[in-house]
Amino acid sequence: MQLEAQNLRCRRGPKTLFTDISFSLDAGKLLLVEGQNGAGKTTLLKLLSGLRRPDKGEVLWNGMSIRSANSQFNRQLAWLGHQNPLKEDQTAFENLSMLGAIRSRNERCAYEALQAVKLGNVKHKAVKTFSAGMKRRLALASLLIADTPLWILDEPQAALDKAGIALYEQLATEHLENGGMIIMTSHHDVAIDERFIERLILGQ
Ligand SMILES: Nc1ncnc2c1ncn2[C@@H]1O[C@H](COP(=O)(O)OP(=O)(O)OP(=O)(O)O)[C@@H](O)[C@H]1O
């Protein structure tokens with residue numbers, strides 16, 4: 001398994017955000033994308049997810065363009081942006097069950113994912129009653145339900161308290177140990193073993 005970026009260039013409005021980004025990421029590795037506000041981290045993650053096209057360059061999954069129907073890229077990817085992809089009027093359990101149904105998971109997976117993010121005791125409460133940190137935990141549970149090898153996560157630790165950040169780091173470490181891959185941004189330290197981590201700093 002490999003994700004490769006080849007000579008990516010991106011402009012937004014009059015500004016060139018980056019001109020020649022290349023890297024390759026293998027199974028069991030985490031790419032930490034760093035840079036100041038406005039450096040282009042979110043934009044780069046969108047290019048790598050296929051949500052936005054680069055002005056130049058290509059993103060390859062296992063040697064094949066992610067735009068090729070044969071790449072199966074979308075089935076391998078779980079994306080988490082700044083916004084949590086949650087239905088506010090539904091309960092935590094209903095949100096995860098719905099995602100699980102799309103991925104042919106049974107209800108037990110939803111219960112297990114809720115336990116894993118320590119939301120088991122509020123599983124039948126509507127998401128609109130949750131705090132920002134609880135919603136972010138639920139969004140992290142959706143990664144477990146998706147069960148894809150590649151996670152692309154824009155500030156996954158946002159809104160989480162110390163325990164929530166530690167929980168995220170634990171889930172991410174387990175994912176990497178199982179041969180998964182993660183691309184993420186963060187404005188904070190990430191306490192994940194350095195042997196998993198590669199870094200890309202934008203705006204230098
Ligand atoms: N819809 C848009 N139209 C034009 N310019 C945009 C748009 N969205 C973002 N930009 C610009 O693109 C640049 C990069 O934005 P981006 O969100 O990728 O940065 P970032 O590194 O993720 O920032 P942050 O750390 O604040 O989340 C910024 O200068 C921003 O003003």
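Q: Why does Asn7 count as exposed?
A: Asn7 has 12 C-beta neighbours inside 10 Å. Burial is judged by counting other C-beta atoms within 10 Å of a residue's own, with C-beta atoms placed from the backbone: 20 or more is buried, 12 or fewer is exposed, and in between is partly exposed. Asn7 therefore counts as exposed.

Q: How do you know what kind of model this is, and which features count?
A: This is a predicted model, where local features need pLDDT of at least 70, side-chain atom pairs count only at pLDDT 80 or more, and totals for chains, interfaces and linings use all residues. Residues are numbered from 1 along each chain as its sequence is written.

Q: What confidence does the predictor give the protein chain and the complex?
A: On the pLDDT scale (the predictor's confidence in each residue, from 0 to 100), the protein chain has a mean of 95. 100% of its residues reach 70 or more. For the complex, the ipTM is 0.95 and the pTM is 0.96.

Q: What makes the phi of Asn7 worth a remark?
A: Most residues other than glycine have a negative phi. Asn7 is not a glycine, yet its phi is positive, about 50 degrees. Asn7 lies in strand 1 (residues 2-12). Strands are DSSP runs of E with at least two residues, helices are runs of H or I with at least four, and both are numbered from the N terminus.

Q: Why is Asn62 called partly exposed?
A: The count is 13 C-beta neighbours inside 10 Å, so Asn62 is partly exposed.

Q: What makes Trp61 buried?
A: Trp61 lies in strand 4. Its count is 23 C-beta neighbours inside 10 Å, so Trp61 is buried. Trp61 and Ala92 are 31 residues apart in sequence, with their C-alpha atoms 32 Å apart.

Q: Why is Lys135 called buried?
A: Lys135 has 20 other C-beta atoms within 10 Å, so the label is buried. Lys135 lies in helix 5. Its C-alpha atom is separated from that of Ala92 by 8.8 Å, at 43 residues apart along the chain.

Q: How do you know whether His187 is buried or exposed?
A: His187 has 12 other C-beta atoms within 10 Å, so it is exposed. The residue is in the loop between strand 8 (181-185) and strand 9 (197-201). Glu34 is 153 residues apart from His187 in sequence, but 7.3 Å apart in space, C-alpha to C-alpha.

Q: Why is helix 4 called oblique to helix 5?
A: The axes of helix 4 (residues 107-116) and helix 5 (residues 132-146) come within 9 Å and cross at roughly 140 degrees. That makes helix 4 oblique to helix 5. The classes are roughly parallel under 35 degrees, roughly antiparallel over 145, roughly perpendicular from 65 to 115, and oblique for the rest. Axes are lines fitted to C-alpha atoms, for helices over the stretch in contact, and angles run from 0 to 180 degrees between N-to-C directions.

Q: What makes helix 3 roughly parallel to helix 5?
A: Helix 3 (residues 92-102) and helix 5 have axes that come within 9 Å and cross at roughly 30 degrees. That makes helix 3 roughly parallel to helix 5.

Q: Which residues surround the ligand?
A: The shell holds Arg12, Gly13, Lys15, Leu17, Gly35, Asn37, Gly38, Ala39, Gly40, Lys41, Thr42 and Thr43. Strand 2 (15-26) and helix 1 (41-49) are the elements that give two or more residues to it. A residue is near a molecule if its C-beta atom, placed from the backbone, lies within 6 Å of it. Helix 1 gives the largest share, three residues.

Q: How do the shell residues divide by type?
A: Two are nonpolar, seven polar and three charged. Here Ala, Val, Leu, Ile, Met, Phe, Trp, Tyr, Cys and Pro count as nonpolar, Asp, Glu, Lys and Arg as charged, and the others, Gly among them, as polar.

Q: What makes helix 1 mostly covered?
A: Seven of its nine residues are buried. Among them are Lys41 and Thr43. Just after helix 1, Gly50 takes a positive phi of about 85 degrees.
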